[in-house]
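Please walk through the backbone, helix packing and aromatic contacts of the model shown below.

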Amino acid sequence: MEDRQQPSSGRSGQGGGRLPALLAVAGVAGAIGTAYARTLAPGITWANGGADSGDLAAAAVTLGVAHPSGYPTYLLLAQVFLLLPLGEPAYRLALFSAVAAVLAALAVFGLVRELCAGYGTWALTAAGLAALTFGFAPLPWSQAVIAEVYTLNALFAALILWAALRRLRGGQPAGRTRLAEGALAGLALGNHLTVGLAVALWAAAAAWSLYAPQPGKGGHSHAAGWMRGGREALGLALGLAIYLYLPLRAAADPPVNWGDPRDWEGFWWVVSGAPYRSLAFGLPAGQLGGRVSAWAGLLLRQFGPAGVALGFAGLLYGARAERPFLLASALAAAGWSLFALAYSTADSSAYLIPAYLVFAIWIGLGAHAALAWVGARRSRLLAPAALTLALVLLYRAPGVAAEVDASHDRRASAFARAALAAAPPRAIVLTSGDRDTF
């Protein structure tokens, strides 16, 4: 087995040279990006459970405070896309979701390729299949074409898991890298709090890398460990400072200002998700069995029987040298699944997207193990085997496109126009639920 630390340029053991890798990345990004562009919502939408898109778009356009937990990272990054001279503001934010989803798929590509490093040129094929499988899965695709926070959450989760992988390998990154990792974790928490599972695993991996004995070097002193860990803590604090956006913008009295978080009471009401706290692990016990059955059905719907089989094969038999990371990823996926199962709303499945990202990584490892098995016996069958895997994993993409296509959905805009047209001038309009409000 080749050393996975050797440079990747031009070495077949690292999954091909630089040019093939760049071409593979471009192909994956082009295929997924084209599919998303054709199915992107034109504005505010109710498609794909996207009722929140109105609130998020209004808060972004007015630099206001969105519904709890406020989503300051999302709102500030959205400003980049709002500058684009394309369609309605909500369309630009749907484009933001699509870009985040493409980048999350490319992060899957990178993770699989790194996990397979040193195992042959077919790592690129396995990585590409994993990325495409995630990008074309129904749930991630459905959220990639509307204005929502979930694909950005998946991107942050992937990047943090990647940082955790490098720490679990025992690496000692430079001080600036440790600071950047901490800042990334803080910014991720400013987008969606469920990414805290990935952050916790990264923190545990970082602590282990700081204190674990190094071969030939002995252990680290506690003083040295605390000094090194201080970089991560400082970075995390800097990233979490993104939440200062909430009281600063609330003080400007924007038209969208949930909870008015200019004081501590309002700030905590927003950040802690006060209106939704009772929903977390609030599912009645009698409904849990149905949710578990639905979870299994959703997993099959995302990846199909072949994808599910490859995923579990990848978890059990892929990248044997990376068992600590695979165990950590399994814990994260289980945590996200448990939260989604117990969250008492009909649309809690969106919280499963990071778990599906992890499963797509396992699919890539399973695909690589399958190709390695074929190559060890009949190398001339490798290309047909790779093509067969691509067909069984991706044949459903056209049907998924028709299912999640939001490009013609104008129901929310039509409802808003009709409601406002019926109201007298300067009227106060009261709504009875989040769907109508947003």
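Y71 sits in the loop that runs between α2 and α3. In this predicted model, the residue has a phi near 50°, a positive value although Y71 is not a glycine. Its relative accessibility is 9%, so Y71 counts as buried, the cut-off being under 20%. The loop between α2 (53-61) and α3 also holds S69. The peptide bond leading from P68 into S69 is cis, and its omega is near 15°.

A positive phi also occurs at N48, which is not a glycine either and has a value of about 55°. N48 belongs to the loop between α1 and α2. With a relative accessible area of 22%, N48 is partly exposed, whereas Y71 is buried. As background to these backbone features, most residues other than glycine have a negative phi, and most peptide bonds are trans.

Helix α3 covers residues 72-82 and includes V80.

The next topic is helix packing. Two packed helices are described by the angle between their axes and the distance between the axes. For helix α1 (residues 18-39) and helix α4 (residues 89-115), the axes come within 10 Å and the crossing angle is roughly 150°. The crossing of α1 and α4 is right-handed. On the α1 side the contact is formed by A21, A24, V25, V28, A29, I32, G33 and Y36, and on the α4 side by A98, A101, V102, A105, L106, F109 and R113. By class, the residues of this contact are 13 nonpolar, one polar and one charged.

Helix α8 (residues 175-189) and helix α9 (residues 196-211) form another packed pair, with axes that come within 10 Å and cross at roughly 160°. An angle over 145 degrees counts as roughly antiparallel, so this description applies to α8 and α9. Their crossing is left-handed. Helix α8 contributes E181, G182, A185 and L189 to the contact, and α9 contributes G196, V199 and W202. Here the classes are four nonpolar, two polar and one charged.

What remains is the aromatic side chains. A pair of aromatic rings is described by the distance of the centres and the angle of the planes. Searching the whole structure gives 15 aromatic pairs. One of them joins F303 and F359: the ring centres are 5.4 Å apart and the planes lie at 15°, so this pair is stacked. F303 is in helix α13 (residues 288-317) and F359 in helix α15 (residues 353-377), so the pair links distant parts of the chain, 56 residues apart. F303 counts as buried because its relative accessibility is 0%, and F359 is buried too, at 4% relative accessible area.

How are the rings of F312 and F359 arranged, stacked or edge-to-face? Their centres are 5.2 Å apart and their planes meet at 85°, so the pair is edge-to-face. This pair again links helix α13, which holds F312, with helix α15, which holds F359, across 47 residues. F312 has 37% relative accessibility and is therefore partly exposed. Through ring pairs, F303, F312 and F359 join Y356 and W362 in a cluster.

Definitions and conventions
Residues numbered from 1 in each chain as written. Predicted model: local features only at pLDDT ≥ 70, side-chain atom pairs only at ≥ 80, totals over all residues. Heavy atoms only, no water. Axes fitted to C-alpha atoms, helices over the stretch in contact; angles between N-to-C directions. Helix = DSSP H or I, 4+ residues; strand = E, 2+ residues; numbered from the N terminus. Parallel < 35°, antiparallel > 145°, perpendicular 65-115°, else oblique. Left-handed = near helix turned anticlockwise from the far one by under 90°. Contact = heavy atoms within 4.5 Å. Nonpolar A, V, L, I, M, F, W, Y, C, P; charged D, E, K, R; others polar. Phe/Tyr/Trp six-rings, centres within 6.5 Å; stacked < 30°, edge-to-face > 60°. Buried < 20%, exposed > 50% of the residue type's maximum accessible area, 1.4 Å probe, protein only.
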